[in-house]
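Dear colleague,

Please find below the structure that I am handing over to you. I would be grateful if you read my notes beside it.

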Amino acid sequence: MLKMLNKDRVTALLVIDKFGGQMNKTSRRKFFKKITFGGLGLALLSKSPLKAFTSDKKNKRLKKVFIHPNSVKRTK
Amino acid sequence: MSENNKNQNKKIEKSFWKSLESYQNDSKLNLENEFEEGVTDDFNPSQLNGISRRKFLALLSASAAFTAAGCSDYHDQGEIVPYTNRPEGILPGSSNYYASTCNGCSVNCGILIKTNLGRPIKIDGNTENPINNGKICAKGQASILDLYDPSRIRKPLLNGRETNWSEVDNSIIAELNKVSESGKKIVLVTHSVHSPTFKSVLDKFLEKYPAAEVYSYELFNNHNRLDGWERLYGNRNFPKIRFDKADVILSLESDFLGKEDNFIENTRLFAKKRDVNNPDEFSRLYSAEGSMSLTGMNADYRFRVNPSNQIEFVLSLLNELRKNARVNISLPDDLESLVSNYSLSRFSEEKGIDQIKLNYLLEDLLKPGKNALVYAGNALPLEVHYVVNIINEILNSTNLYAHTSAAVEVLKLNRHSDFQALGLELSSGNVGAFINLGSNPVYHFQDAGDWKQHLSKVALTLSVVVNENETSENCKYVLPAHHYLESWGDSQTTADVYSLRQPVIAPLYNSRQTEGILLAWTTGQTYTEDLYHNYLMENFKSSIFAENKSPLAFKNYWLLALHDGFVKIKTEDKTLTPEFTTPLQIPNSSKSNEFTLSLTENYFIGDGRFANNGWLQELPHPVSKITWDNYLNISPKRANDLNLKMGDMVEVTSGDKKLEVPILVQPGMADDVISIELGYGRTNTGEVGKNVGFNSNIFLTSNHTNTAYFYNNVSIKKTGNFHKLISTQEHHAVDDSSVKDFHKIRNIIQEGTVDQYINDPEFLQHHKHKIFSITEEHKYEGNKWAMAIDMNKCTSCSVCVASCNVENNVPVVGKDQVENGREMQWMRLDRYYSGTPEDPEVSNQPMLCQHCDNAPCENVCPVNATNHSTDGLNQMVYNRCVGTRYCANNCPYKVRRFNFFNFRDYFADAYYDNEVTPLVNNPEVTVRSRGVMEKCSFCIQRIMEARSTAIKENRELKTDEVTTACQQACPADAIVFGDMNDENSAVNKLRKHNLAYHVLEETNVKPNVTYIAKLRNIHSEDA
């Protein structure tokens, strides 16, 4: 088959053929899979808004700045 | 082969050449090989880089994604998250108020603390507490920043390393017992004790450790006043002075309006007697002092008198007054013969005091039907106080004494000389334990020797402090104490009021209550947050509750007391009879031609305890307007003689003590007096206060002949060095004769005299003319906010500025930025001099955004970031502002402040940009960032809060319902704010007053801040 092609095209195909062993073996399917899971991983790493609603962790900091139980506040 | 073929062959053989060189076969033209070596080699894929373009781009995008995920938005201060379990009593968006007691000084004012989401954000006076009647000083206002100071000690320290409380408790108790058994002394050092409960804890400690001794001190105290009082009346209960009833006041080296004792209450009372609606009742203030003070600035007449000459002055005065006394008192013979040697006319001649003014003084003091009072400063020797008390007796001024509110000493203060003796005792090795409870003797008493060496001889040294200081750095144990906003406590400074202190926030760090620590060590109980709380309740039950015999159950009475913040105690008025028991000894006041050095307290830093408070460091000094420094005050004449100008360094020599300080030429100083304020030059405090100013405590000594605050025979010598002093008053200063007295030429300051006003109430309006406008005036329906400031009441105490800073989250910018005129305070107090530099007349004027109806700033904003609201406010929309600064350029009052940096993280390498300090911010006010213009907003957040409350209650806003932060804080009630469209509002009435004027009103900007002209109560001959 190669013999039927002209010299330029042969050169290009030779490159591809020789480079072929080092070509990215990731298929399009695999690529999209990687993107999806990678994105999910990033979302977990970043501050998830879900966390705030599941616990009072934020409030733990706020709880520190909290009224003293025995103090009496002023009524208006 | 045909002939054609032969010809074709011939053609092929013919060669062509382009040039002679090619024809000559020049080797340079050997172009057979067109490409360089290696160019046309076969392509070898194995030499390619293993990463393909595809992979490279994939890696690049992945790393960018990770970076984006890792970087948090620096603006992000967390999320607004609703409570899932809301703590009881906290409603987001609504504030709670708690009554407590301040402990910034010995007065212990009643305070109301505003808290938001469980954290305190503002401190104001408790309106019901009779000690201060709803007002507090600038130190009290700014003390909230100290709660959130990042340099607070967070854990117990042992030899500089962090440890835990159980280790500390066990080892200290063991060491204390060991010391006690050895027979060595245990020394406890503390500031003044006003808490009866703390006193009982100390008594318990002394009972357990009989070798223990308590040293309690205040660097600036009233020993001399109490000693002088005791000498004549036999007790140490100095009464409260009714300045609101005094028609004539002679103040002797006393800054009773600025920093002495309960100056906030004094200001409130004094201002009552400066009411323009009762000009006949105006008081007249005479001031005789060596240095220019805030009280001196507000005096109607001022004499420059060296403090060493005050004894001569009062004796001369006594000699003149007793001849025409309102109350005849027979003086003992020795005093009679002593007094008769003095003469006011001779004093006037020798000291260069105006005889005419002295005659006015005599005339006013003796005027029948008028209450006169002579009031001496705390710094003067007891002999002066003794004579002043006698003068007040013969003037019948004793009716101005309120004995029901007399001062009470819970624990008698030690003297300066006691600390000198303590230093010797420490170095002798007789002391086994040194316990410092919140004080700083190493910084304050530098004449006691080398404290580091003294304390090295003591086995157990510990400090219980909120912040590290010069004393704690020499102690083995450094224990973190609660801030007063985290503490329980009580206080009794006057006979009729018992105040309570309650915590308004759970402890931020692993600190403990000082009293609770001692109680735990003494009783052996385990420390808990309730330990001292319960002890306080028990003490309250057995003392106040038992004495008051209330019908309420104890618990209810206790909760009511906490709610109010204080309990009134029934006291009775009394009449005291003077007794002349001790002959008067004249203090030695020998002087040469050198100077008398006067050492005074700083208005805002105090004795140094507020050195790390950025707001207070940046608050301009009320007299000099200097920030971030202390200096030596000298008179213009002596500065001229010595060829000194502002900032020149001089070496001050007093005895064997020397110090190099910069000088400030201060108009109004006595020529033979120099003064320095203490509290600066701290070496061990947070980054804000460290090495700011010059430590002048070295001059304080107990080996004085006069008092601890004045030293004669002090010399100064120019060193040639220079230290730049930053004064906010000098910004935009123009050294041009055309602007001399421009505050009078441009009618920025408009003044008159009381007599002038009584004779012609409209004297101020004569020079005015109607200002017309070519445009139609806009009609404001509904509310229209305006402010009026009464210059007769304003003393320039700067509490309004401090309150505004706290309320509106004004940042600290630091000395270098203040030098560039970039201080961010929304309000300033302009100070103008007139008259001569020797005897100047001082005029003060608060200046803030005037909220002009024809605001020149609104027209020039290219993005409409500043505009006018329908209720008359000049508004600022921060997120529209792009920072052209055209508005500030156009403002004739120069009240706009620009954020050249994000000052939160600019100042002191982001000292205030941490997880704790932002808690001090008022959540109702935007925190401004870089590039944004800001200015006074007439506390729009308070207007909105009042408006939303009115809407909720389905009503209109009440008259005078809204108070701005400055108005609330002003101790003299000089600032009035309200709706000028409401006929009944106070501001409406003041706008129509005969003495009302606007600053620069000829520019037709229509400012909404009205000033009431100051009336000086001087004799008509002087007008």
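This is a predicted model: local features need pLDDT of at least 70, side-chain atom pairs count only at pLDDT 80 or more; totals for chains, interfaces and linings use all residues.

Residues are numbered from 1 along each chain as its sequence is written, chains are lettered from A and ligands numbered from 1 in the order in which they are written, and side-chain values use heavy atoms, without hydrogens and water.

Helix α19 of chain B covers residues 514-523 (helices are DSSP runs of H or I with at least four residues, strands are runs of E with at least two, and both are numbered from the N terminus). Because 9 of its 10 residues are buried, α19 is largely enclosed by the rest of the structure (buried means under 20% relative accessible area, exposed over 50%, and partly exposed in between, with a 1.4 Å probe and protein chains only). Among the buried residues are B:Ile517, B:Leu518 and B:Trp521. After α19 comes B:Gly524, with a positive phi near 80°.

B:Leu664 lies in strand β24 of chain B, residues 657-665, and is buried at 5% relative accessible area. Beyond its neighbours within four places in sequence, B:Leu664 has contacts (heavy atoms within 4.5 Å) that include B:Ile626, B:Met646 and B:Leu725. B:Leu725 is 61 residues away along the chain, yet the two C-alpha atoms are 8.2 Å apart.

Finally, B:Leu60 belongs to helix α3, residues 53-70 of chain B, and is partly exposed at 47% relative accessibility.

Yours sincerely
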